[in-house]
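Biologist: Hi, I'm new to this one. Could you walk me through it?

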Amino acid sequence: MIKIKTLLSFLIKMGLIGTFFGLLLIVGGYFYLKPQLPDVDQLRDIQLQTPLRIYSADQKLIAEFGEMRRSPIGFDEIPEAFVQAILSAEDGRFYSHGGIDYIGLARAVFQLVSTGRIQTGGSTITMQVARNYLLTLERTFLRKFKEIFLALQMEQQLSKNEILELYVNKIYLGNRAYGIQAAANVYYGRAIDQLTLAELAMIAGLPKAPSAYNPLVNPPRALERRNWILSRMRTLGYIDTAQFAAAVKEPITAAYHGADVQLYAPYVAEMVRSELLARYGEQIYRDGYSVFTTIRSVDQQAANSAVELGLMAYELRHGYRGPEQQFAPALDQGALLERLRKVPVYASLEPAVVVEVAEQSARVLRRDGEIVDLAWEGISWARRFISVNSRGPKPLLAEEVLAVGDLVRLLETDSGWQLRQLPQVQSALVALSPKNGAVRALVGGFSFQQSKFNRVFQGTRQPGSNFKPFVYTAALASGFTPASIINDAPVVFEDDNLESSWRPENYSKKFFGPTRLREALYRSRNLVSIRILRTLRVKPALDYIARFGFDRTRLPNDLSLALGSADVTPLELVTGYATLANGGFKVEPYWLERVEDRNGELLFQATPSTICEGCLYQPQLQSPNLAVTELALTDVPEGAEVTSLPLAPRIVDEQTAYLINNILQDVITRGTGRKAGALGRNDLAGKTGTTNDLKDAWFSGFNRELVASVWVGFDQPKTLGRSEFGSRAALPIWIDFMSVALDGVPEQALIPPEGIVSVRIDPVTGLLAYPGQKDAIFEMFREQDVPRSAAVKQTETTQRVTSEELF
């Protein structure tokens, strides 16, 4: 008995000594490691890596750039069921321990001593936060001690809810998703507060092993993990038996969801990303910037649709080139699907494989495994392509067009699926506000996934007759009037700047004699345009035209300038037309409205030159972070309108701007742009353009609220084909776009400025009409330019006098 007491006494003493030395070791370790420990206070101001997000003007998400998908949320936004699920999976005693789970920690220490490595963590959520935010991920004994000490500090300085908030926003959950909100979007395409209990449990199972328990990569193990967590929740009393039974019956519904893009504008997104990268550097991908563009979602969607449909309409006019590929007919459906899913979707055109061909129909396999019918209505258009000017006969049977194994493209329409093909032709559309240059819609090609080349501003093409309004504006500013008579007749030019003699002609190959300037523009007469430029002289005309924003080095220094032989981008062209639309002011195109940091602080705010006639400009006083602004109002006359934005400079006088706008309205009502009359508006103006051999087709048009330019052509210039003028290839795209963009926008009549008068003239001579003249027309003039003499009434022995000699 005495021996037993002595042994117990010895063991107690040794235990106390061991405890003493253990505590001494812990205290000593703490003071040894303390200088190496990071400051826990920094967790209060931690900056999580958050991607760059780009939005439209009406705050629709356009794109997201960054390695990590993350959307931080506050503790109050975390569903209670998820809190219960994550605690059941990771740390059941989270709210009762002081940062350390001693049982789990003892297990980890035993593994380290017995095997030389730690096999299971024993880490609490607090310790995981310490590791994820403040330490490296190495699995060593020293790092474990640091975790313990930091966890103890964190529990003293942060609340449990703060720690849990840090945890759920930091953890990696697979597929580039960091944090539970990003994971909810990635796996289910919904916010975390919209998920079911089973879905929440699935996400709660990911922190332990994001790859092994990933429902997309390993559904069986993910299901097993999810159901174990649900069982733990039932054991801990978070859910009852009925909730458990219902949740475990739910199938896996997870699927990969990309960034929750609400507006498709990839060319805009890339322009913004490139500009921000040059301005701020690589930090844009991790500092959580929010960028708001000038793009209007309704306009952008209309532009996307108009370009797609316009290019597909061109393809329908020129015939079917055949399948993209031919798969072996013997392949089973599984093998076909495997290959089909590797073929990308471009724009609205989905790849599919023909699996059956009947007399006048076919069946095709889609990427999702569905087999759909192709009716004859969706096939019969496909006459064989021979050249841009030639097609084969109309098919009578589906087998003349399709064969089993063909890889084709489908378009879903209101009347069902239809056969289509990827356009080889390309297009660009850009629209902006003529009041300040804000870009409202921009499409750089048929499909960004197919070609990232942005034809709006990266590629230059000849504009053809679309350029003539700038030559005619220069003429009107230099003394010409809409009634000036210019001879439309053959001419040969010997120009030192041209390689040989030049014999220009009208597209029709006809000559129409003396022609009024107005008619020459709306009918797009080439020879009249050349004679006007010759009268102006090339250099003065170049000086005038360059003010519209064109690159002078790309403007030809010869008379071919009159026919649009310059190299311009659609963005330059639409900017020039903005001046014609707004009454003569120079605005610069811009698409970046403002940039905010992750806290909503303003980093950048656009200050575009803006039209505000009669306004007084007062610059803004800005705080260092641009967040607070106020007007520096000094010496402001009473009643004056004040703007803090720079005033757009006038580059065309008010009267000239009115006259050219008025003439361009005739292009819509009686000229090459008559199709635009389908819009039913009286405030539209514009001009078509077609280059030599019909290689480029253009239309630029506007009212006071919106200006847009459309280009159609091949990337490697070649003819678009017979009759593919600007009025046929480009104008319908413009009309489709404007029909949506101007919907609900009130008409604004073009009001003549002071000094403009309307006078009856003789349509042949451009002189004042003689009394009682029946075919007289009204024309607009500056008061000082009204003709001083009247036309002579024609008789059998008289002939009208023209002013042909002048021009």
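Biologist: Let's start with arginine 273: is it buried or exposed?
Modeller: Arginine 273 is buried, because its relative accessible area is 17%. Buried means under 20%, exposed means over 50% and partly exposed is in between, using a 1.4 Å probe and protein chains only.

Biologist: Before we go on, what kind of model is this?
Modeller: It's a predicted model, where local features need pLDDT of at least 70 and side-chain atom pairs count only at pLDDT 80 or more, while totals for chains, interfaces and linings use all residues. Residues are numbered from 1 along each chain as its sequence is written, and side-chain values use heavy atoms, leaving out hydrogens and water.

Biologist: Which residue forms a salt bridge with arginine 273?
Modeller: That's glutamate 270, with the closest N and O atoms 2.6 Å apart. A salt bridge here is a side-chain nitrogen of Lys or Arg within 4 Å of a carboxyl oxygen of Asp or Glu. Both residues lie in helix α11 (residues 266-280), three residues apart, about one turn of the helix. Helices (H or I, at least four residues) and strands (E, at least two) are DSSP runs numbered from the N terminus.

Biologist: And why does glutamate 270 count as partly exposed?
Modeller: Because its relative accessible area is 28%.

Biologist: How many salt bridges does a search of the whole structure find?
Modeller: It finds 32. One of the salt bridges joins aspartate 696 and arginine 461, whose closest N and O atoms are 3.0 Å apart. That pair links distant parts of the chain, 235 residues apart: aspartate 696 is in strand β23 (residues 696-702), and arginine 461 is in the loop between β13 (439-443) and α14. Aspartate 696 and arginine 461 are both buried.

Biologist: Nice. What about aspartate 666 and arginine 518?
Modeller: Their side chains meet in a salt bridge too, at 3.0 Å from N to O. Aspartate 666 is in helix α19 (residues 654-670) and arginine 518 in helix α15 (residues 517-522), so the pair ties together parts 148 residues apart in sequence. Aspartate 666 counts as buried because its relative accessibility is 10%, and arginine 518 does so at 6%.

Biologist: Changing topic: how many aromatic pairs are there in the whole structure?
Modeller: The search finds 15. Rings of Phe, Tyr and Trp (its six-membered ring) pair if their centres lie within 6.5 Å; planes under 30 degrees apart are stacked, over 60 edge-to-face, and the rest tilted.

Biologist: So why is the pair of phenylalanine 470 and tyrosine 577 edge-to-face?
Modeller: Because the planes of phenylalanine 470 and tyrosine 577 stand at 80°, with the ring centres 5.3 Å apart. Phenylalanine 470 lies in helix α14 (residues 468-477) and tyrosine 577 in helix α18 (residues 570-582), so the pair ties together parts 107 residues apart in sequence. Phenylalanine 470 is buried, at 0% relative accessibility, and tyrosine 577 is buried with a relative accessible area of 0%.

Biologist: Which residues do ring pairs link into a cluster?
Modeller: Phe467, Phe470, Tyr544, Phe548, Phe550, Tyr577 and Phe702.

Biologist: Last one: where is threonine 569?
Modeller: Threonine 569 is in the loop between α17 (538-546) and α18. At 6% relative accessibility, threonine 569 counts as buried. Leaving aside neighbours within four places in sequence, threonine 569 is in contact (heavy atoms within 4.5 Å) with Val456, Phe457, Gly459, Thr460 and Arg554.
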